[in-house]
Every structure is written in structure tokens, then in C-alpha cells.
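Here's a friendly walk through one protein chain. Have a look at the structure, then read on with it beside you.

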Amino acid sequence: MESVDVRVLRAARDWHAEGHRMMLVTVVKTWGSSPRPAGAMMAVREDGRCIGSVSGGCIEDDLIHRYTRAYGEASMPRSAPALVRYGVTADEAHRFGLPCGGTLELLLEFQPEFTTIGELVRRLESGQLVQRTVDCRTGAVALAAASAPEALQFDGRTLSSVLGPQYRMLLIGAGALAEYVATMALFNDFAVTVCDPRVEHRDTWSVAGVAITTEMPDDAVHTLRPDARTCIVALSHDPKLDDLALLEALHSPAFYVGAIGSRRNASSRRQRFIEHFDETEESLQHLRSPVGLYIGSKTPAEIAVSVMAEILAVKNGVVQPHSSRIEEAKNRLEMVAGD
């Protein structure tokens, strides 16, 4: 599955090349509850065809109605960008299906510059992180290399957003749990790679859309070149595989490094890393093990939900209380049971 940003921008580029008029819509501000975050994008063609989303659907319908021929004689203007706001009144919030108190402001770019969009798509497809800056008065767009993801910036005159390639996931071990985690990661827009040098495990893999590598796990981590949009999860239950990957990943910029296993196995691994591989309690703070949030999971599918939930929470900057982590939750349950 591709990044939503890339799909929207690629569609805009292709529609331009086919001679269509179109507009690019970006959420630039939100107040209260809103269906989509700042930075969400959609592209709308003059005939009403659209891709991407800025709300739950009603605002998209209104934009199509106001700016395209899909519902009559409306036509897309040839003008500088425009700012529109939805949900200012309770009536509008109800009419457009916004949550209670939700308001969002959109920047509409009519016929955004074709060459710049093509260059942006090219950079994103090659894995680059790109800052796109729009002069909201004239529509002029500038592209620059970015070194790290940043929140969208908008001051009413200039829009600056950092766009990047997909989030990536490397899974060590091609077992049943990895298949469930990979499936969930794909529909959450991650590019997934599975590493397993064991042919008997690898040959039964059944999830399409996943890259498979037979490298040793530490080599696979090195080849992947993890960045701040990468997560690495060891799921093989084989220390010879999991440990190699984790030791390489711990000192990378990956936003998440985790390993499956019992509390006893996790404790043994930490001790092993400290005694034999010069890791420290500080360096091991980056390692999440046992992996996942505590939801009482028993089956591979349920464990995958737990793992994916923790990865998304870390990705989205949500601080999880210790009570939601597997080790703490199980320790607490044992204490209660022993009373």
C-alpha cells in the first residue's frame, strides 16, 4: 500500500498531464474535534472525481458541488489559492457531519504548478523527505530537502508542510504472528519487509504486498537504513535471529524497536545484552519487550492487535501509562491474585 500523500499528489500530476483542471485541498487548521488532521490532502478534478480525504465525506461532497461540474454548472476558478472554513456554527457542524465543536480550515490550490508537483512526486517516490512551502497569496510553491518530519506550519500567508515516504516496518521471523502484524501494518499504510533466513518458515508466507529478505537479521537492519519513520519488531522467538536484529536496531533512529517474548525471556535478553554486548540500562530503554499493550490477548490475531496498537501509539506520540504495558499489567494481576 502506498502513502496517501503520494497517491493524492500522483493523481494531481497525472490529471494535469491529461489536460484536466483540478484543485489540491489541504487541511491547514483544526479546532476542537476534527475527522482529519492538519496536513490531510485531497485532489479534486473538474468533473468531480476526487482522491484523498479531508473529512468524513460531507465536506468533500460540498467542495465537489461548489467547484466542479459534477452537480450542475459550477466550474473550478482559475485564481490564486483560497481559504475556506467549515464548522464555524453548530448548524454547519451538523450539516457537514463534523464532531461537536469541530472546525477545520482548508487551503484550496487551483491548478497547482504542474512541474513542481511532478518533481515532488519524484522525490517522494525515491524515499526523500521534502518540505513543500506555498505562498497562499500567489500560489507559488517551493520545494526543499527536509532532515526530519515536522508538524504543518500555517500563519495565514504561508503553508509549510514536510512530506515523506511511507512509514516502514521490518519484521524478524515469518511466522503466523508476523502475518497478522504485517496485514495490519499494510492497511495502516506501512511498507512492510519480513526477514527470515529459514526457508521452512519463509516458504509458507501468504501475505501479499510484503517484501521478503533472506539476509541475516542484523544485515537486514543495516540494509534497511532505519530512520525516524521506521519500526523494527523481532517475532521469531529465536534469540539467534531476534538478538542480532535488536542489537543493530537499538542504536538506529528507528522510532520503535520491540521484541516478542515472555517476561522471563525479556529479562534474560536484557541481562544478556548488558553482560555480553556492552548495552546499558539507558540504551535498553529504546527496547520494548514484551512487545505490545496489555489487552489479555491469547491468539496470534489478538497479539497482533496488541503489537500494532503500541506501534501506532508510539508513532502518534501518545504516551502510554506503565499500567497498559504487558509486563506491568501481568505483574499487577499476579499481585491481585496472590492477595
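Let's start with a pair of helices: where α8 and α9 cross, the crossing is right-handed. This is a predicted model, so keep that in mind as you look around. To find the pair, look for residues 239-249, which form α8, and residues 263-276, which form α9. Their axes come within 12 Å and cross at roughly 60°. What do we call an arrangement like that of α8 and α9? Angles from 65 to 115 degrees would count as roughly perpendicular and those under 35 as roughly parallel, and α8 and α9 are therefore oblique to each other.

From α8 come P239, D243, L246 and L247, and they meet R269, R272 and F273 of α9. Sort the residues of this contact by type and you get four nonpolar, three charged and no polar.

## Stepping back to the whole chain

Time to zoom out. How many helices and strands does the chain have? There are eleven helices and 15 strands. The chain runs to 339 residues, and 45% of them are buried.

What about contacts along the sequence? Take the contacts with a separation of 6 or more: 60% of them are between residues 24 or more positions apart.

In the loop between β15 (287-288) and α10 (300-315) you'll find P290. The peptide bond leading from S289 into P290 is cis, and its omega is near 0°.

Next up is D189, in the loop that links α5 (176-187) to β11 (190-195). D189 isn't a glycine, yet its phi is positive, near 75°. Is D189 buried or exposed? Buried means under 20% relative accessible area, and D189 has 16%, so it is buried.

D278 also has a positive phi without being a glycine, this time of about 60°. Look for D278 in the loop between α9 and β15. Where does D278 stand on accessibility? The cut-off for exposed is over 50%, so D278, at 70% relative accessibility, counts as exposed.

Key. Residues numbered from 1 in each chain as written. Predicted model: local features only at pLDDT ≥ 70, side-chain atom pairs only at ≥ 80, totals over all residues. Heavy atoms only, no water. Axes fitted to C-alpha atoms, helices over the stretch in contact; angles between N-to-C directions. Helix = DSSP H or I, 4+ residues; strand = E, 2+ residues; numbered from the N terminus. Parallel < 35°, antiparallel > 145°, perpendicular 65-115°, else oblique. Left-handed = near helix turned anticlockwise from the far one by under 90°. Contact = heavy atoms within 4.5 Å. Nonpolar A, V, L, I, M, F, W, Y, C, P; charged D, E, K, R; others polar. Buried < 20%, exposed > 50% of the residue type's maximum accessible area, 1.4 Å probe, protein only.
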